[in-house]
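Biologist: I have a chain to go through with you. Can we start with the contacts and then look at the charges?
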Amino acid sequence: MTDVLIVGAGPTGLTLACDLARRGIALRIVDRSPEHPRSSRSKGPNPRSLEVLEHLGVLERVKAVSVAPLLMRKYRDGEPVADTDPYAGSSPTPDAPYDRGRLIAQWRLEEILRDRLAEFGAAVETGTEVVGLTEDGAAVTVTFADGSRTEARYVVGCDGAHSRVRTLLGIPFEGETDEEQVMVCGDVEITPGVLDRDIWHQWFDEDGAVMLCPIPGTRTGWWFQSGPERDADGRPLPPSPEGFGRLFARHTRLPAAHLTGATLLSTYRVNVRMVDRYRVGRVLLAGDAAHVHAIAGGLGMNTGIQDAFNLGWKLAQVVGGRAGEGLLDTYEEERLPVAARTLDLTSERLRATLEAIRQPGGGLDAAVTPSVSGLGQGYRWSSLARPGGGGEVRSGDRAPDAPCHEAATGAPTRLFHTFAGPHITLLGFGAGSGPSLREAAAAHGDAVRTCRVLGPGATEAETAEAGPHALHDRRGLARAAYGVDGDAVVVIRPDGHVALHARADDPHAVRDCLAALDGSGPRYR
């Protein structure tokens, strides 16, 4: 029997698999597709997902084969009318090192995550379709299409909008489909040199639109999005290579022959749907299996990645016997409101975009606002968020980054480097935090990384006594990021969210918080 069976090997399932595998959890990840898909689909990770990918140890690989968001050029009647950089004036800050996402083909991101998973000794089982689920209390028996069966302590459905797992659970997928909002999409090849590959080209005309975004890492590949061709009765026609050529010629005013190939064609309709629960017993849902929404803002894949990162450490704690079943209830408690908000946000961004493109110069940049970065998303309402906080940072919030130096060596580092890994982090500011750090280390061992944060005026004696993971906050940026005034302790969850921000003279708060995250806190039994 495996600990966790993951159904679906897209970005959501692969993120979850990598997170569980690095924590030593026995897992299987299966996908019904006979081969790994080559669709470019999603445009790439947003700033918060980049932080997740850094946690998982793949960020540099992603950066190596991706590009920063491109300038958007808008056309009317075939003529360029405006160039827009949606991130003009934006730049990284000490607490948020990624101010914009990256453009990368979805298949390439999946390839990177599969490679990372292989480093932990696991691999995706393709051509493996789940057709049945039966829970007996202690495990879930999973039946596959070939008649074989397996048992797992937990099953997670990451199998997309048409989720078989969700269907087998009988969970409704409530919402609506807008049959009028239709788009045809695909990967196309365009004659080299015809279009500038440093530009995301967007033709918006009275009778339709074509959008072409270069696929990073290819010489002639582009993402193609367009309103569909329609028949005499106004019904949308299915996508075809010939139809793509006609749409291309009509809106770009370039010869159709320049569009030399079109593959992975699909029709997209705006679906706004979500489940009313993320868990039934030992079976959970994540990503598009739990929520779908308008593509405006690019939050589909990103919300799934962040679902998985919220769930991974909680599953590992429960499977490893370090927390009770109730910890899994906080997954739904935290992520269900996020899904509801995402549906509202993306619908609002779609309305803003449709309004913008009615005027010459309007384009997809209307969907890009700070709200789609993911950096402001937190869980202040969660039962895991203990009272307290400093400045603008509260329990449940995303944990800020800050540049520091290793106290022992003087080498530059960052708080994110301290957080990275499967552990909980306990930051101690000021000498008064020492007792709480020592008690946590003794009670929780390697599950909690205790880290004394020394201020700008730290002495050599203080540095020598601070411990192996101590940091020197030479410019006071860590204190500023967390709003620390005086001596304080901050507990950071494994998914990079603040669990507790408390005074250093409140050891009971630290003890109770860590018991909930890594122990036998009665509330979570």
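Modeller: Of the contacts between residues at least 6 apart in sequence, 68% join residues at least 24 apart; contact means heavy atoms within 4.5 Å.

Biologist: What kind of model is this, and how are residues numbered?
Modeller: This is a predicted model, where local features need pLDDT of at least 70, side-chain atom pairs count only at pLDDT 80 or more, and totals for chains, interfaces and linings use all residues. Residues are numbered from 1 along each chain as its sequence is written, and side-chain values use heavy atoms, with hydrogens and water left out.

Biologist: How many salt bridges are there in the whole structure?
Modeller: The search finds 34, counting a side-chain nitrogen of Lys or Arg within 4 Å of a carboxyl oxygen of Asp or Glu.

Biologist: Which residue does R335 pair with?
Modeller: D307, with the closest N and O atoms 2.7 Å apart. R335 is in helix α8 and D307 in helix α7 (residues 300-319), so the bridge ties together parts 28 residues apart in sequence. Helices are DSSP runs of H or I, at least four residues, and strands are runs of E, at least two, numbered from the N terminus.

Biologist: Are R335 and D307 buried or exposed?
Modeller: Both are buried, where buried is under 20% relative accessible area, exposed over 50% and partly exposed in between, with a 1.4 Å probe and protein chains only.

Biologist: And D329, what does its side chain meet?
Modeller: R279, in a salt bridge of 2.7 Å, N to O. D329 is partly exposed at 44% relative accessibility, while R279 is buried at 17%.

Biologist: Which residues form a network of salt bridges?
Modeller: K314, E334, R493 and D495 are linked that way.
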